[in-house]
Amino acid sequence: MQFKLSACLALLIGIIPIGLSSFSGTAYSDTKTLSANVAPEKIGFRAAIVKNLESGNLLYEKNPDTRIAPASLTKLMTLLLLFEDADAGLVSMEDNATISANAARLGGSSMGLRKGDHVRLEELAKGMAIASGNDAAVAVAEHLAGSEKAFVKRMNTRAKELGMSGTQFRNPHGLHAKGMYTTAADMLELCAFYLQSHPEALAWHKEKFYTYKGRVRHSANPLLGSFVGADGLKTGYVGASGYNLAATARRGDTRLVAVLLGARSAGVRQRESARLLEACFAAVDPKLAFPYVRPPAPQLAAASGQRDEDLVAANLQQAVVPAVIAKQYAGNGWWGQIQSRLRQSDELWRFCIPAASRPCREGYAIIRQGELLFATYTGG
């Protein structure tokens, strides 16, 4: 699809505005005042909690103390201990870890490490943060503590120090193990501390792809590139838990952290996490929601032909955000294509072109001084 200037094909879905009234559980205002309970429509996680990292206030919680297997969210504790040992001078991220047979043979998601390989700790950290490498987690554990067993003891000691009283780790990677559990509230404490003490870790967690020895692996985080402002952390899945997600997103000066445990599918995890985070941004400040205003569409002339730019102009539906706000958001995926062209005086609009095979083809358009400047689809 080509427009007057240029266009790109967005890889990910658009974002639908919603409000806090869409969720069950308890919602909190950003002034530490308990708000009225929200409507009983369910959110598709067994447990969930969302926090405004700047203010420290809770915005939402559902079953925050229910024990659920953490799956690969476990690796956040492994990463935290690696960062802390590096800070203490006990190791350097440039140090090489020797890969054991125990690490190399581990199943599930992996970096593809081989017994006897010598791999920098920084490389192993990337492999955990982006590709969720189970083998990398074991290699780090053995390098830091001498054995998995000794490292797990350190993990549980650190969990207690952080106040994670409802958590018990049994391994450094998160594969199913009897007696291994956490809670949404506990994992939120870990995520908040991890982000505040080591914000540099987001340089890894925000990456969608990771290449090791010529093989490309991808992050399973469904919000990267699809949810405006999302820039970390980790996903996880084991049969005992369902689909888990620890997520963070920043818009303007507001960073939210969410832990969502026990979705029934990866699709539900993506859809419901985006719904909840969008509602929580709106609860902090309506101007942070995307989109948040619906003024009348501008009167743009549309020719009778079927040129793409005419179809877009004829099907503009609503303003999304002022450019002055949009410019503050992180430029992920198709949003980066939009953001790079925006001027502060521009308007950003949603369009929806009727299509035979679906309700419509959605996308976003930049309007400058009443003229269509650029547009892009948010799906194929």
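Trainee: How many salt bridges does the structure hold?
Mentor: Happy to start there. The model is a predicted one, and a salt bridge here needs a side-chain nitrogen of Lys or Arg within 4 Å of a carboxyl oxygen of Asp or Glu. By that criterion, the number of salt bridges in the structure is 12.

Trainee: Which residue forms a salt bridge with arginine 250, and where do the partners lie?
Mentor: The closest N and O atoms of this pair are 3.6 Å apart, which is within the 4 Å limit. The pair links distant parts of the chain, 196 residues apart, with arginine 250 in strand S9 (residues 242-251). Its partner sits in the loop between strand S2 (47-52) and strand S3 (58-62), and that partner is glutamate 54.

Trainee: Why are glutamate 272 and arginine 275 separated by about one helical turn, and in which helix?
Mentor: Their side chains meet in a salt bridge of 2.8 Å, N to O, and both residues are buried. They are separated by about one helical turn because they are three residues apart in one helix, namely H8 (residues 266-284).

Trainee: What span should helix H6 have, and how far apart are its end C-alpha atoms?
Mentor: Helix H6 covers residues 184-197, which makes 14 residues. At 1.5 Å a residue, the helix should span 20 Å. That agrees with the separation of its end C-alpha atoms, 20 Å.

Trainee: Why is H6 described as largely enclosed by the rest of the structure?
Mentor: Ala184, Met187, Leu190 and Tyr194 are among the buried residues of H6. Cysteine 191 also counts as buried, because its relative accessibility is 0%. H6 is largely enclosed because its buried residues number 10 of the 14.

Trainee: How many disulfides are there?
Mentor: A disulfide would need two cysteine sulfur atoms within 2.5 Å. Cysteine 280 is buried, with a relative accessible area of 0%. By the sulfur distance rule, the count of disulfides comes to zero.

Trainee: Is asparagine 134 buried or exposed?
Mentor: Asparagine 134 lies in helix H4 (residues 134-145). It touches Ser72, Lys75, Gly108 and Leu175, among others. Its relative accessibility is 2%, so asparagine 134 counts as buried.

Trainee: What distance separates the C-alpha atoms of glycine 108 and leucine 175?
Mentor: Glycine 108 sits in the loop between helix H2 (101-104) and strand S5 (118-120), and is exposed, with a relative accessible area of 61%. Along the chain, glycine 108 and leucine 175 are 67 residues apart. Their C-alpha atoms are separated by 7.9 Å.

Terms used
Residues are numbered from 1 along each chain as its sequence is written. This is a predicted model: local features need pLDDT of at least 70, side-chain atom pairs count only at pLDDT 80 or more; totals for chains, interfaces and linings use all residues. Side-chain values use heavy atoms; hydrogens and water are left out. Helices (H or I, at least four residues) and strands (E, at least two) are DSSP runs, numbered from the N terminus. Buried means under 20% relative accessible area, exposed over 50%, partly exposed in between (1.4 Å probe, protein chains only). Contact means heavy atoms within 4.5 Å. The expected span of a helix is 1.5 Å times one less than its number of residues. Lists of a residue's contacts leave out its neighbours within four places in sequence.
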